[in-house]
Amino acid sequence: MGTKAPEKSPVTSILGAAALALALLLGILILLCLPYFGENPEAQSVPTAPPTASPTQPPTEPPTEAPTEPPAEPNPYGRLDFQYEGRYLKCQVADSVTGIDVSAHQKTIDWAKVKASGVEFAMIRLGYRGYESGAITEDKYARQNLKGAVDAGLDVGVYFFSQAVNVEEALEEAQFVLDFIAEYDITMPVVYDWETIHQDSARTKDMDARTLTDCSLAFLSAVEEAGYWPMLYFNTYQSRNMLHLAELNQYDFWLARYSDRMTYPYKIKMWQYTNAGRVPGIEGNADINVFFPDT
């Protein structure tokens, strides 16, 4: 007669099944990982480029020359010193005046409506130098805008959009402006507005801080000698990288920075705080400014 085999206990059966399942799972994991064995671990890490911040001012090339010391006078106004009162931004801690600057881009303007909206002064573009041709051209709406603004009872200043590449051209622009305004009552500043053009064809693309400062000094001193009120227009990038502001500190500054918070560190006389404002009497966007009569 044969001997009966001993029966397996339930615990032994469960442990055996668990061991088999674990072995199967380990085998699957090994198969899945085989394509990665032997590769360079550094090749698996792809660096991610940091996000690019959106500048508030126009981008431009790195400076080719470090400007001299900045102007000594600090800005007396802080970031919370401005609030909107109705349509326009106003300084809450000192007197401020609302104005606009215009050119042919705004076309025909209803100056009576502009005045009625609370605007108190206008800066009129008289002309510009072509960034490719180098030719001086009169703004085709300049005379119409000067007459309309004066007739509406606004204080009026003027500016010239420069693309001068040397002192001789800056003086030529100043003479153009002085000849133009001789027959008008100009009660606000006469402004030198040199701006960077981001085109490979721009004759000014290689402008440096020394040359631009000399051009600014030439234009502004000519305006001052003629008995007018000189002013320099710039954005924050230009003020830090393209101008020796300490050499220009005897003149008033007009800052272009599009915000409702004042964060610029140096003293300015006028602030262009938006280029997308809405002004009754003007179709489309308009540049709006705060002027500080007491600074």
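Residues are numbered from 1 along each chain as its sequence is written. Because the model is predicted, local features need pLDDT of at least 70 and side-chain atom pairs count only at pLDDT 80 or more, while totals for chains, interfaces and linings use all residues, and side-chain values rest on heavy atoms, with hydrogens and water left out.

The protein contains six helices and 11 strands, where helices (H or I, at least four residues) and strands (E, at least two) are DSSP runs numbered from the N terminus. Of its 295 residues, 41% are buried, a term that stands for under 20% relative accessible area, with exposed meaning over 50% and partly exposed lying in between (1.4 Å probe, protein chains only). The accessible surface comes to about 16100 Å², and carbon and sulfur atoms hold 55% of it; such areas come from the Shrake-Rupley method with a 1.4 Å probe, and for residues only the protein chains shown count as cover. Among contacts (heavy atoms within 4.5 Å) with a separation of 6 or more, 67% are between residues 24 or more positions apart.

Helix α4 spans residues 167–181, and its 15 residues reach 21 Å from the first C-alpha to the last, close to the 21 Å expected at 1.5 Å a residue, the expected span being 1.5 Å times one less than the number of residues. At the start of α4, a side-chain oxygen of Asn166 comes to within 3.2 Å of the backbone nitrogen of Glu168. The buried residues of this helix are Glu169, Ala170, Glu173, Ala174, Val177, Leu178, Phe180 and Ile181, and their cover includes the helices α3 (142–151) and α5 (209–225) together with the strands β4 (121–129), β5 (136–138), β6 (155–162) and β7 (190–194).

A nonpolar core is a set of buried Ala, Val, Leu, Ile, Met, Phe, Trp, Tyr and Cys residues joined through side-chain atoms within 4.5 Å. The largest such core has 61 residues, of which Phe82, Ile100, Trp111, Val114, Tyr192, Trp271 and Val279 touch the most other members. Helix α5 gives the most to this core, with seven residues. Apart from it lies another core, of 12 residues, including Val97, Phe121, Met123 and Phe291.

Leaving aside residues up to four places away in sequence, Asp139 touches Ser103, Ala104, Arg125, Leu126 and Gly127. Gln272 belongs to strand β10 (residues 270–277) and, with the corresponding exclusion of residues up to four places away in sequence, has neighbours that include Asp101, Tyr233, Trp254, Arg257 and Asp287.

Cys91 is buried, with a relative accessible area of 7%, and Cys215 is buried at 0%. A search of the whole structure finds zero disulfides (pairs of cysteine sulfur atoms within 2.5 Å).

Lys107, in the loop between β3 (97–102) and α2 (111–116), counts as exposed at 53% relative accessibility. Its phi is near 60°, a positive value in a residue other than glycine, whereas most residues other than glycine have a negative phi.

Conventions:
Polar contact = N/O pair within 3.5 Å; in protein donor to acceptor, adjacent residues only side chain to side chain.
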